[in-house]
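These are my notebook entries on a structure that I looked through chain by chain.

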Amino acid sequence: MTPEMDDQGCPRCKTTKYRNPSLKLMVNVCGHTLCESCVDMLFVRGSGNCVQCDTPLRKSNFRVQLFEDPAVDKEVEIRKKVLKIYNKRDFDFSNLREYNDYLERVEEIVYNLTNNLEVEGTKQIMEAYQRENRDIIQKNKAKLTREQEELEELLLLEQQGNEQRRLETLQEEQRQLQAKRKSKQALLDELERSHVPATILLAQHKDRAAQLETQIEKQKQVVKTTIFSTGIPMGQTVSLLTVNRLEEVLYHYQPIHMHTYGPPVPELEQLGRLGYLNHVRTAQPQDMAGGYNSGLACHRAIQDAFSGLFHPLG
Amino acid sequence: MFHISSQKKYWTFDNEESLEQLRYEANQKYRNKMLASGKPGVSDAVFLEAHEENVLFRHYEKRLLDFCNAFKPVMPKSVVGTAIMYFRRFYLNNSLMEYHPRTIMLICAYLSCKVDEFNVSSTQFVGNLVQESAAGQERALEQILEYELLLIQQLNFHLVVHTPYRPMEGLLIDIKTRYPLLENPESLRKSVDDFLTRVTLTDSGLLFPPSQIAMTAILNSASRAGLSMESYLTECMGLKEDKETLLKMYDAMRRIKSLMKKYELPKPDEVNAYKVKLERVHADFGTNSNMNG
């Protein structure tokens with residue numbers, strides 16, 4: 001028994017999901033929950049008052065609760081209503097600051113309505129806004145519906161594709177099953193009829209079965225290429241908008257040149273050959289174990305000796 | 001490396017005059033600040049002049065050197081060099097009247113041990129203040145920790161100091177490898193060390209790259225010992241063609257040597273007179289508690 005089955009209960013009849021697994025909690029505009037059966041009982045007339053807060057409610061306003069906390073559901077409903085009116089988008093504003101201010105105002109309104117603060121004032125603000133921005137609201141509504149339609153179309157296409165694939169695989173399986181059965185039957189018939197010894201027949205049958213297997217494998221591997229890897233379906237004419245070619249300069253590696261203001265220092269690898277290492281203390285085995293070698297100290301000393309020697313001219 | 005260090009960028013000046021100017025300005029800034037604050041007993045005569053500060057600076061610098069030399073465990077030379085350089089840089093931009101050199105001197109040594117990775121615990125450090133009692137050492141440590149951040153700030157957080165000791169080693173190695181004309185470079189080592197110790201007490205560290213100072217030390221010691229090393233610069237350093245750089249090098253070396261000649265230990269009676277004045281200033285206008293010693 002999971003914990004959430006136990007705590008979500010109807011405040012009136014106290015049944016929980018544990019006792020009645022098909023229990024559905026419904027939320028109304030005041031934010032309080034009731035189970036389905038209680039709703040039917042109390043609102044048999046169509047309207048009534050909330051059990052906990054006594055606000056007048058209608059039965060039609062009850063919606064199935066989606067969130068654990070009924071307050072969240074209430075806010076979601078309010079937000080949907082507010083956003084139907086306040087539906088401006090980011091490109092409706094000239095700069096980011098204005099857009100953020102607008103969003104801030106929307107949040108204020110939603111907050112006020114959810115927590116029952118200044119409900120009257122907020123409603124008036126909303127009405128005023130609606131009156132002023134009527135045409136923009138209409139325009140955005142239209143845009144929104146168009147976008148939703150496009151999304152739905154895509155979803156539909158995807159679903160259809162999935163369906164098709166499922167059917168195809170099913171059919172394929174059927175065919176394979178049938179083929180197998182046929183070959184078995186053929187074997188039995190031959191064992192009955194023919195005069196060839198049984199072992200040879202069995203061997204032949206095995207061969208044929210193996211051939212069938214490979215055939216099936218090959219068929220599976222034939223990928224039905226209907227779409228290109230980018231997702232564009234084959235055969236569809238794509239309108240190619242001219243993409244602006246970005247001319248970029250190819251990067252060329254330039255080695256770093258350090259101005260040491262002094263004579264050139266021999267390379268670390270050359271030090272031994274040039275005889276420098278003879279004048280440095282030889283590294284003990286303990287030092288060498290850690291990766292030290294006398295060339296490192298020698299090189300460092302020479303670098304320091306030559307660095308800045310010709311300063312300030314270099 | 002020196003050529004990309006903050007020492008080269010920010011703490012290497014062109015000539016002695018600019019250093020004098022900076023010290024004079026530090027002195028003036030403190031005077032003006034005190035005169036403007038309107039405290040009782042403030043007048044021009046009470047304060048130290050820039051050259052008087054210089055005398056006291058040299059006195060305390062010598063004391064810092066002695067402290068570092070008497071330090072137990074033995075302080076490596078680079079740590080000593082770094083400490084003196086911090087001391088010098090600090091008082092380039094600040095007046096001795098504002099921060100007493102006695103305190104700053106110890107903080108320079110302490111910071112230098114940390115920066116140069118010469119591991120000394122703070123108790124061990126103050127244990128070297130042999131004239132103090134245990135309580136005195138405690139107080140000294142508190143003072144050190146109090147002013148440490150100030151020192152770092154006044155050094156502008158440029159804590160890595162390139163001293164001439166490693167360049168000196170490098171040059172000796174190079175001479176032994178490439179310059180067989182000089183038979184026994186090791187014989188020069190003692191006088192070179194001596195030269196380098198004396199040069200840290202001058203302003204050379206703020207004017208010349210450490211490699212040039214090391215080169216000066218070696219060439220000087222060689223000429224003193226009667227050995228000729230002129231061709232080292234022209235042949236090995238490839239300066240035979242580059243007359244300009246060669247001249248500059250000789251000029252730098254000459255300037256370093258003259259700075260060394262100019263240095264003299266401060267006279268005791270002068271020191272005492274100015275010390276009295278300094279103590280007066282710190283007692284009357286100073287905000288910090290004084291330490292003995």
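What share of the contacts in chain A with a separation of 6 or more comes from residues 24 or more positions apart? I looked this up and found 50%, where contact means heavy atoms within 4.5 Å.

Before going on, I noted that this is a predicted model, in which local features need pLDDT of at least 70 and side-chain atom pairs count only at pLDDT 80 or more, while totals for chains, interfaces and linings use all residues. Residues are numbered from 1 along each chain as its sequence is written, chains are lettered from A and ligands numbered from 1 in the order in which they are written, and side-chain values use heavy atoms, with hydrogens and water left out.

Entry on chain A. I found ten helices and five strands in chain A, taken as DSSP runs (helices H or I, at least four residues; strands E, at least two) and numbered from the N terminus. Of its 314 residues, 22% count as buried, where buried means under 20% relative accessible area, exposed over 50%, and partly exposed in between (1.4 Å probe, protein chains only). Chain A exposes about 24400 Å², and carbon and sulfur atoms supply 54% of that area; the areas come from the Shrake-Rupley method with a 1.4 Å probe, and for residues only the protein chains shown count as cover.

Entry on surface patches. I took patches as residues with over 30% relative accessible area and no salt bridge, with like charges joined within 9 Å and nonpolar side chains (Val, Leu, Ile, Met, Phe, Trp, Tyr) within 5 Å. A salt bridge here is a side-chain nitrogen of Lys or Arg within 4 Å of a carboxyl oxygen of Asp or Glu. Lys and Arg count as positive and Asp and Glu as negative, whereas His and the chain ends are not counted, and the place of a charge is NZ of Lys, CZ of Arg, CG of Asp or CD of Glu.

I noted a negative patch made by Glu149(A), Glu150(A), Glu152(A) and Glu153(A). Glu152(A) sits in helix 6 of chain A, residues 134-193, and is exposed because its relative accessible area is 55%. Lys81(A), Lys84(A), Lys123(A) and Lys141(A) form a positive patch; Lys81(A) belongs to helix 3, residues 70-85, and is partly exposed at 48%.

Entry on chain B. I found 13 helices and zero strands in chain B. Of its 293 residues, 54% count as buried, and residues 24 or more positions apart account for 77% of the contacts with a separation of 6 or more. The accessible surface comes to about 13700 Å², of which 52% belongs to carbon and sulfur atoms.

Which residues does Asp174(B) touch, not counting those up to four places away in sequence? I listed Tyr276(A), Ile302(A) and Phe306(A) from chain A, together with Tyr179(B), Tyr232(B) and Met237(B). Asp174(B) lies in helix 8, residues 165-178, and is buried, with a relative accessible area of 0%.

Leaving aside neighbours within four places in sequence, Ser221(B) is in contact with Leu188(B), Ser191(B) and Val192(B).
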